[in-house]
Amino acid sequence: MSTATAILPHDRERAAAERAGIDESCRGPVLYFAASAIFWLLAGSILAIIASVKLHSPYFLTGIPELTFGRVRMAHLQGVSIGWTSMVTMGGSVWMMCRLCRTELIYPKLLYVSATLWNIGTLLSISGILLGDGQSIEWLDAPRYCPPFFIAGLGIVSAWVAATFRRRREKHVYVTQWYILAAVFWFPWLYTVAVFMISWSPATGVVQPIVNWWFNHNFLGLWLTPVAVGTAYYLIPKIIGRPVHSYYLSITGFWALALFYSWAGMHHLIGGPIPAWLATASTVGSMMMFIPVIAVGINHHMTMRNHFHRLKYSPALRFTVFGSITYTWVSFQGSIESLKDFSEVAHFTHYTVAHAHLGAYGFVTMIFFGLYYYMIPRLTGREWASSTLIRIHFWCASIGITIYFVGLSIGGWWQGRMLNNPDVSFASITQYLLPYLFSRTVAGILLTIGHIAFATSFLMNLAGWGKKRAGGPTYFVEKAPTV
Amino acid sequence: MDRGMVIFLGALLTFSSSWLGLVLYPYWQLNGEKPYQKEPTDDPYPLPLQGEAVAGRKIYQANGCMYCHSQQVRSEKFGNWWDEHGQERTGADIKRGWGARRNVSRDYIYDNPTMLGTMRTGPDLANVGSRYSEAWQHTHTFNPRSLNNWSIMPSFAFLYRKEKVVGERSEKALKLGREWTVDPGYRWRPSSAAWDAILSTQGESIKARFLSDPAHTTAAIDPNTPEGKKRLLDFWLTTEEEGVQIVPTGDADALIAYVLALRKAEVPVPEAKE
Amino acid sequence: MNPANIAVFAVVIGSIVLFGTATIMALGWAFRDGQFDNFEQGAASIFGPDEPIGEPTDAFPR
């Protein structure tokens, strides 16, 4: 498509003003979601470091019941899954939906209620767990009084996204919108079913872990992944100024993800007391995930082709592309991990922990960082104050997650091999793992330094320390076309 | 693509497929499974938790024990390793002594929540109730390193109370040397100055106790040499603190009652046969 | 095969048929409805006069 066909300055101004108006309408609630998410990210990071240190230095902070390993680990997961990733998912969905529908956000005040409910829920969840109300249901550890807050908050966001969509002025529904619409529909269903069947009206025995793993895997697969992939589908073309390479591939990727991702998850119970066909069904679903993953991988790579030099100039692009590449990698790894022979070793070890963090951090969180670097200046009308802070954030995050992944993957794999061999004593497995567990602490500290740089940048931006964006709240290049 | 309805229907259909297949179908197949009774006169297996163990499960939950300890013994055919003859073998869980048979869904019908676990930072606990005594469990929970110096398990000293002995020592008091009880949760050692101070006042009686200990009677000891000081200290640290004792709180008793009730692989059930 | 396995089998086959048919019908409808006309143009919908194709929109702050 030719880009040089004359764009009239007048059109340009009008389009820019429209976008500025949309961003303006989202500013309050989306910034509230974004700021809360950063707060929980920092809280989650501190809990993560405490938990990590305790695994290799058991005397660290011993004697404080609130900070015993099991509680801190549950609180960490709540902080980063419910607090950080979910709140970005919601705030980002609202913003992208408004932009892509070319419509302003209606009744923004109710979204403040939603974010407040979600914050109260997360606060109750973390403090409740630390005080001894944790439920020991993985990913659903929040005490029984928390889910109503999440369900209500989520309901508002889902309704708002749907309402925005109904009021759209842009006829075409872009690929990012498919992903967001599906995610805000899937997650409330997923969450409510899981809470009902495990906590409020518990099913018998092993039905609980089955529902639990269906939820856990789909939390990543049908809530975080769609929105993160959708974000990449919006940001990458937008930043480099080039449409998605193949729209056919993107639609294939979307439907294949919808159909197959939801079937994965049961391989986490491999060898467990559940019907064997369940794990087999999940293995099939996981293997079929190669289709959407390859589709997205090719598409993003081909879109980026000849534009990789832009990684040098755009912070948002750098994080997003890092996350997008990791998506391909972590999904391939996930498919392989679902295979029986592989899982028999990797199950019950730190290998799975490394994989989970590669997905939730290397992929989802990195793309969300990219989203912040693109979205926040357009909401506040301020540029980022310091390139140095962004660089510190990027390098800490990327090196940190690499150390994390490599260390625990190697350690976890051999842990699994040794666990499968009864001649190796438990004591020697424990001792073997210590250096790898230590490397995780190093990684965690690096990641946290990155998060502090990120939060500082964010606060500086809110405080108005950055340069005003030229021409108004959205990104105006110049009044006249520069092509 | 400009129809929202297509996306909605597609999302609905794809998701319902997994909901039906992975949630509702197993629910229909496994919910409400009944206990096993070989003869009508036999006790059914399993039985619901009794007494303190019910409260103990809450402590187990609240402290996230599940995040390091699984509760499932896997099949004799699960996993593989090669022995010294290069022979491929399987079934490490059972060979490690974690249970006599694999676990089946019936073992969990009274579990709520069902804590199968996802990680083995520590050993499997499905059948731990038949492996260790109550006293061992208390000592280990109070400070795991007092029994296994390599352990990375947290100390749960906060579930125990340190109190003055009034009259007789409590029967429930943990039998632990002062290195574990002076500063509960930690391993304690006096500084060398502090040790000199202790020796200057109680040196003779510590030495007498050292010599009367059956393990030391033949060894001469000189408390004035560094080597002798160290040997006396090592001995003294293993002796019990005078006048104080460590006793389990109700929470600790409940937790251990729960742990001792974990016997998920003892009673044979027909479907566990391989 | 015991009855439980037959039931599993029936459910799996049944849902494959059900969802397969639904998918094919949906695709057929989408084609007739013109959802795939000018399909690739949809990719350009996120660009507009002020942020046209060919112009990058993000850079490190100077």
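I began with chain A and read its elements from the N terminus on, which gave the order α-α-α-α-α-α-α-α-α-α-α-α-α-α. I note at the outset that I am working with a predicted model. The tally for chain A is 14 helices and zero strands.

Next I looked up the overall dimensions of chain A. Taken along the principal axes, the box filled by the C-alpha atoms of chain A comes to roughly 75 × 45 × 45 Å. I then checked burial, and found that 63% of the 483 residues of chain A count as buried. For the contacts in chain A between residues at least 6 apart in sequence, I noted that 85% join residues at least 24 apart.

I turned to one helix pair in chain A. Two packed helices are described by the angle between their axes and the distance between the axes, so I looked up both. Helix α6 (residues 207-240) of chain A packs against helix α10 (residues 315-337) of chain A at an angle of about 135 degrees, and their axes lie 10 Å apart. Because angles over 145 degrees would count as roughly antiparallel and 65 to 115 as roughly perpendicular, I recorded α6(A) as oblique to α10(A). The crossing of α6(A) and α10(A) is left-handed.

I also listed who meets whom in this pair: α6(A) brings A:A228, A:V229, A:A232, A:L235, A:I236, A:I239 and A:I240, and these meet A:A316, A:L317, A:T320, A:V321, A:G323, A:S324 and A:Y327 in α10(A). By class, the residues of this contact are 11 nonpolar, three polar and no charged.

Which elements of chain B give two or more residues to the side that touches chain A? I first noted that 64 residues of chain B are in contact with 70 residues of chain A. The elements in question are α1 (4-30), α2 (52-62), β1 (80-82) and α3 (92-95) of chain B, and α1(B) gives the most, with 15 residues. Sorted by class, the side of chain B that touches chain A has 32 nonpolar, 24 polar and eight charged residues.

My last entry concerns chain B and chain C, whose contact takes 10 residues from chain B and nine residues from chain C. The side of chain B that touches chain C has five nonpolar, four polar and one charged residues.

How values were computed:
Residues are numbered from 1 along each chain as its sequence is written. Chains are lettered from A and ligands numbered from 1 in the order in which they are written. This is a predicted model: local features need pLDDT of at least 70, side-chain atom pairs count only at pLDDT 80 or more; totals for chains, interfaces and linings use all residues. Two residues are in contact if their C-beta atoms, placed from the backbone, lie within 7 Å. Ala, Val, Leu, Ile, Met, Phe, Trp, Tyr, Cys and Pro count as nonpolar, Asp, Glu, Lys and Arg as charged, and the others, Gly among them, as polar. Helices (H or I, at least four residues) and strands (E, at least two) are DSSP runs, numbered from the N terminus. A residue is buried if 20 or more other C-beta atoms lie within 10 Å of its own, exposed if 12 or fewer, and partly exposed in between; C-beta atoms are placed from the backbone. Axes are lines fitted to C-alpha atoms, for helices over the stretch in contact, and angles run from 0 to 180 degrees between N-to-C directions. Angles under 35 degrees count as roughly parallel, over 145 as roughly antiparallel, 65 to 115 as roughly perpendicular and the rest as oblique. A crossing is left-handed if the near helix is turned anticlockwise from the far one by less than a right angle, and right-handed if clockwise.
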